[in-house]
Amino acid sequence: MKVIPIHEAAAPLPPPDAGPSPSAGELLSDRRGRHVRDLRISVTDRCNFRCIYCMPREVFGDDHAFLPRRELLSFEEILRVARLFVAHGVRKIRITGGEPLLRKDIERLIGMLAKLDGVEITLTTNGVLLPRLAQRLKDAGLHRVTVSLDALDDALFRRMNDADYPVEKVLEGIEAARVAGLGPIKINMVVKRGTNDSDIEAMAGHFRHSGHILRFIEFMDVGASNGWKMDEVLPSREVIARIDRLFPLEAIDPNYAGEVAERWRYKDGGGEVGVISSVTQAFCSSCTRIRLSTEGKLYTCLFAHAGHDLRALLRQGVDDATLDAAIAGVWQRREDRYSELRTAETAALRKIEMSYIGG
């Protein structure tokens, strides 16, 4: 059985690798030569959906204990960590959850992060709170949003989100984001074979010529509660083949090195779609992402089961040099490549939940 090396629970922060610590402005490189470019920040573990592939209700029921507010990183603590990462080459910060729009005064955090030089600030949401918040987020400095939408058929979508939210609520959120200028808007559809793959063609038809970018994501074995099975994964190549039969496609180059989505455009000029193939076409070799959890742990892989505690350092009052050295030590020791090593055995390992760390 091949298993990715994953840190033990409550892993201590490692010291930097031997040699001089990287200075501010110097890129951080891990043990496979990958530079850190993308910082994903989870601001809450709560969500108003109970999507079956992420927060199944039988696990995240009414009695589920979410993190108390005192354990969450403050906006000031988040900004401090983000500033250090930006000094080492991070150029995109994505705000995630749970549902990040449930975090009180989230636009204030956006405004703080937007003052960092040379960084794109994005946010992933289920969209239902965007009609109220989209313009405030844009005014605060948010560049664009990604909206999750797993079906257009209303009955199917309600079964997928398991919170009785209609499709129309998400579509209203997408329109509010468009009006506010939070584009290009990306629409993410997690495809689960036998559950919602019947809506692939309808989703493609709906978002053609809309100016939005629809992306299909293979059902992944994130966490330990979604009942993942390999036979419920619909390979991205089949998704593209099904769309191509209706609306001919051609492959196009990535926007940048390390982009996770493989891009395709409609030959008739109807826009583009993307596929994210973490299961069938692993992209670990170019992964530039690191994740900061709601309560301040650093995770170097979406499929890890433990992180490195930065909150303890932040609340001990250490100086920036000490905090920076700890961050550098985590990245410099990184060698994760879970998707390249995935087996039925590794898929069964307990890992962090998607709702806790974001996508």
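This is a predicted model: local features need pLDDT of at least 70, side-chain atom pairs count only at pLDDT 80 or more; totals for chains, interfaces and linings use all residues.
How far apart are the end C-alpha atoms of helix H5 (residues 167-180), and what span should its 14 residues have? Residues are numbered from 1 along each chain as its sequence is written, and side-chain values use heavy atoms, with hydrogens and water left out.

**View A. The length of helix H5.** At 1.5 Å a residue, H5 should span 20 Å. The expected span is 1.5 Å times one less than the number of residues. The end C-alpha atoms of H5 are 20 Å apart, which agrees. Helices (H or I, at least four residues) and strands (E, at least two) are DSSP runs, numbered from the N terminus. Just after H5, Gly-181 has a positive phi of about 90 degrees.

**View B. The buried residues of H5.** Among them are Val-167, Leu-171 and Ile-174. Buried means under 20% relative accessible area (1.4 Å probe, protein chains only).

**View C. Strand E5.** Six of the six residues of E5 are buried. Lys-186, Asn-188 and Val-190 point one way, and Ile-187, Met-189 and Val-191 the other. In a regular strand, side chains alternate between the two faces of the sheet.

**View D. The partners of E5.** E4 and E5 run parallel, joined by three bridges. Strands pair if DSSP finds at least two bridges between them. Asn-188 in E5 is the bridge partner of Ser-148. E5 also pairs with strand E6 (residues 213-218), in the parallel sense, over six bridges. There, Val-191 stands opposite Glu-218.

Note on methods. Buried means under 20% relative accessible area, exposed over 50%, partly exposed in between (1.4 Å probe, protein chains only).
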